[in-house]
Amino acid sequence: MSRPPQIADYFVCVGAQKAGTTWLARMLSRHPDIFFTPVKEIHYFDHVRGITTHLRDSKRRSRKRKFLQKLLTQWHRAGEFWPQRAWYREYMAETLDDDWYAGLFRERGGRRMAGEATPEYALLGEEGFRHIARLAPQARVIYIMRDPVTRAWSQLLHHCRVEGLNAARLPPEQLIAIASDPTFRAFGDYASVLNALDKVFPKGHVWTGFYEDIHADRMGALARISAFLGVRFEESWFEGLERRYNRSQEAKMPDEVRRFLREQTLPVARDVARRMGRLPESWRKQFGLVRGRKAVKRARARS
């Protein structure tokens, strides 16, 4: 029986959704020692498990068309886009299997580390993470957590944009119904993701950080992540640290929705506090949590 292909010097960002993974991908793609896939989110493992359909043929063809459009119109970036032609040939292969996925990281242009970022991988569970570990036994995994309430609201706004809905005009009951969907809620189930990561990957192979800490000191966060990945670090490699990517709609969160999200995610915040030994200040204010592990009774009253 043949052994599955193995990927060396590989990392993957598994989420969380709406926790700055696009920003991180853009920054790391500028690192001279890091090859980041031209398509940020590959979606292979969620495709295999039947969670999403992001790898259907029409989606891949659309992504290739966008690449060709950039290649033909953005001449000032020809040096960046021209070498990606071979990668897109691999990406458009007919058979989607482990060898196909491993092939996306074979040609790295001389860069040592190679990776991708798919927030839907947070939904994989233990068995899905074991699939990653079989293909990349020494994989480095990045997982970013954001205040569960603001993350869920950002996800909800993104959902409305994709579905052509105006979040500012939807009644709170409809917004709450969207946020109640089990898949929607699973994206913010940090405890389950942390449990599965702990069971699969060796200590020291998972970097877990807070969105709020990263964006309070972006350069410092990039230095820490570079060290985690075992690559060099120079501040001059990173420009545009303040730029926002993948913006959602702009709308104020209704009080009813905030109360609902607080109630739903308070156990998540308490579990993260227990695991990490601390929470960012904005999380504690959101839930009325005292410094440390204890949750004061007013947190439940506010919910």
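Me: What do the buried residues of H1 pack against?
Reply: They pack against S1, S2, S4, helix H12 (211-216) and H13, with contact meaning heavy atoms within 4.5 Å. This is a predicted model, in which local features need pLDDT of at least 70, side-chain atom pairs count only at pLDDT 80 or more, and totals for chains, interfaces and linings use all residues. Residues are numbered from 1 along each chain as its sequence is written, and side-chain values use heavy atoms, leaving out hydrogens and water.

Me: OK, and which residues of H1 are the buried ones?
Reply: Thr21, Thr22, Trp23, Leu24, Ala25, Met27 and Leu28. Buried is under 20% relative accessible area, exposed is over 50%, and partly exposed is in between (1.4 Å probe, protein chains only). With seven of its eight residues buried, H1 is largely enclosed by the rest of the structure. The H and S labels are DSSP runs numbered from the N terminus: helices (H or I) have at least four residues, strands (E) at least two.

Me: You listed H13. How do the axes of H1 and H13 cross?
Reply: H1 (residues 21-28) and H13 (residues 218-229) have axes that come within 12 Å and cross at roughly 70°. That makes H1 roughly perpendicular to H13. For the angle words, under 35 degrees is roughly parallel, over 145 roughly antiparallel, 65 to 115 roughly perpendicular, and the rest oblique. Axes are lines fitted to C-alpha atoms, for helices over the stretch in contact, with angles from 0 to 180 degrees between N-to-C directions.

Me: Which residues meet there?
Reply: From H1 you have Trp23, Leu24, Met27 and Leu28. Facing them in H13 are Arg218, Leu222, Ile225 and Leu229.

Me: Switching topic: what's the strand order in the sheet?
Reply: S2-S3-S1-S4-S5, an open sheet of five strands with parallel pairing. Strands count as paired if DSSP finds at least two bridges between them. At the edges sit S2 (34-36) and S5 (206-210), each pairing on one side only. On average, neighbouring strands are turned by 20° against each other, direction ignored.

Me: And which strands does H13 touch?
Reply: H13 packs on the sheet and touches S1, S2, S3, S4 (140-145) and S5. The direction of H13 makes about 155° with that of S4.

Me: Let's stay with S3. How many bridges does S3 share with S1?
Reply: Four, in the parallel sense, between S1 (residues 10-13) and S3 (residues 113-117). Tyrosine 10 has alanine 114 of S3 as its bridge partner. On to S2: three bridges join S2 to S3, and they run parallel too. There, isoleucine 34 is partnered by methionine 113 in S3.

Me: Is S3 enclosed or open, and which way do its residues point?
Reply: S3 is largely enclosed by the rest of the structure, since five of its five residues are buried. Met113, Gly115 and Ala117 point one way from S3, while Ala114 and Glu116 point the other way.

Me: New one: where does tyrosine 101 lie?
Reply: In helix H6 (residues 98-103). Tyrosine 101 is buried, with a relative accessible area of 0%.

Me: What is tyrosine 101 in contact with?
Reply: Leaving aside neighbours within four places in sequence, its contacts are Ile7, Tyr10, Ile42, Tyr44, Phe45, Glu116, Tyr121 and Leu135. Glutamine 6 is 95 residues away along the chain, yet its C-alpha atom is 10.0 Å from that of tyrosine 101.

Me: How do H8 and H9 cross?
Reply: H8 (residues 148-163) and H9 (residues 172-179) have axes that come within 10 Å and cross at roughly 100°. They are therefore roughly perpendicular to each other. H8 brings Trp153, Leu156, His159 and Cys160 to the contact, and H9 brings Leu175, Ile178 and Ala179.

Me: Last one: where is serine 180 found?
Reply: In the loop between H9 and helix H10 (182-186). Serine 180 is partly exposed, at a relative accessible area of 31%. Apart from neighbours within four places in sequence, serine 180 is in contact with Arg185 and Phe260. Valine 231 is 51 residues from serine 180 in sequence and 41 Å from it in space, C-alpha to C-alpha.
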